[in-house]
Amino acid sequence: MIWSAVLLLMSGSRGSSSFTFGILQWLVPPTSPWFDVVHAILRKVGHLLVYGLLGALDFRAVRGARTGWTARWSVLAIVLATIIAALDEWHQTMVPTRTGLVSDVVIDAAGATIAQIGYRLRAR
């Protein structure tokens, strides 16, 4: 629940492109022809990673004290992460410095799914 809250807090201006632009400019000169490409890729990879972590945490929460892996737990974890992703993008449509994108929800769901694949492979 805490990680979900962090993600939803970042859906405001704190997670905006201009904020990550400010951080990235310390690593890559903004005048570089690759800056915008690197910035876009890092933002999408960020989506994969943070929602992969959410998917993993959701799996652990759904599984509880039990051990192992079931498809039901994984699907539920993906659904929970996707709901948070959709809420995040919906909220961004109301923030002047943000844009809510369905494609970001798809990337977020992919991150949660990759985490479940990792759990499945580990359970084997």
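In the predicted model, histidine 39 is located in helix H3. With a relative accessible area of 8%, histidine 39 falls below the 20% limit and is therefore buried. When neighbours within four places in sequence are set aside, the contacts of histidine 39 are Ser17, Thr20, Phe21 and Leu24.

The C-alpha trace spans about 50 × 30 × 20 Å along its principal axes. Of the 124 residues, 32% count as buried, while the accessible surface comes to about 7,800 Å², with 72% of that area belonging to carbon and sulfur atoms. Among contacts between residues at least 6 apart in sequence, 63% join residues that are at least 24 apart.

Helix H3, which covers residues 35–63, has 29 residues and reaches 42 Å from its first C-alpha to its last, close to the 42 Å expected at 1.5 Å a residue. Besides His39, the buried residues of H3 include Phe35, His47, Tyr51, Gly52, Leu54, Gly55 and Ala56, and towards the end of the list stand Asp58, Phe59, Val62 and Arg63, which are likewise buried. Just after H3, glycine 64 adopts a positive phi of about 65°.

Helix H4 (71–92) has 22 residues, for which a span of 32 Å should result at 1.5 Å a residue, and the 31 Å between its end C-alpha atoms agrees with this value. Its buried residues are Trp73, Ser74, Ala77, Ala81, Ile84, Ala85, Asp88, Glu89 and Gln92. Seen down the axis of H4, these buried residues fall within an arc of 140°, so they line one face of the helix. The face turned away from the buried side of H4 carries the exposed residues Arg72 and Trp90, whereas the cover over the buried residues of H4 includes helix H1 (2–9), H3 and H5.

Helix H5, formed by residues 102–123, has 22 residues and extends 32 Å from its first C-alpha to its last, close to the 32 Å expected at 1.5 Å a residue. Buried in H5 are Asp104, Val105, Asp108, Ala109, Gly111, Ala112, Ala115, Gln116 and Tyr119. These residues cover an arc of only 150° around the axis, which puts them on the same side of H5. On the face turned away from that buried side, H5 carries the exposed residues Val102, Val106, Ile114 and Leu121, and what covers its buried residues includes helices H3 and H4.

Aspartate 108, found in helix H5, has a relative accessible area of 1% and is buried. Apart from neighbours within four places in sequence, aspartate 108 is in contact with His47, Tyr51, Ala85 and Glu89, of which His47 and Tyr51 are among the buried residues of H3 and Ala85 and Glu89 among those of H4. The C-alpha atom of aspartate 108 is separated by 20 Å from that of threonine 97, a residue 11 positions away along the chain.

The second residue, aspartate 104, takes part in a salt bridge with lysine 44, in which the side chains meet at 2.6 Å, N to O; the structure holds 1 salt bridge. Aspartate 104 lies in helix H5 and lysine 44 in helix H3, so the pair ties together parts that are 60 residues apart in sequence. The two partners are described by separate accessibility values: aspartate 104 is buried, with a relative accessible area of 5%, and lysine 44, at 31% relative accessibility, counts as partly exposed.

A search of the whole structure finds 2 aromatic pairs. In one of them, phenylalanine 59 and tryptophan 73 are arranged edge-to-face, with 6.1 Å from centre to centre and 70° between the planes. This pair links distant parts of the chain, as phenylalanine 59 belongs to helix H3 and tryptophan 73 to helix H4, 14 residues apart. Both phenylalanine 59 and tryptophan 73 are buried.

Note on methods: Residues are numbered from 1 along each chain as its sequence is written. This is a predicted model: local features need pLDDT of at least 70, side-chain atom pairs count only at pLDDT 80 or more; totals for chains, interfaces and linings use all residues. Side-chain values use heavy atoms; hydrogens and water are left out. Helices (H or I, at least four residues) and strands (E, at least two) are DSSP runs, numbered from the N terminus. The expected span of a helix is 1.5 Å times one less than its number of residues. Buried means under 20% relative accessible area, exposed over 50%, partly exposed in between (1.4 Å probe, protein chains only). The arc is that of the directions from the helix axis to the C-beta atoms. Contact means heavy atoms within 4.5 Å. Rings of Phe, Tyr and Trp (its six-membered ring) pair if their centres lie within 6.5 Å; planes under 30 degrees apart count as stacked, over 60 as edge-to-face and the rest as tilted. Accessible areas come from the Shrake-Rupley method with a 1.4 Å probe; for residues, only the protein chains shown count as cover. A salt bridge is a side-chain nitrogen of Lys or Arg within 4 Å of a carboxyl oxygen of Asp or Glu.
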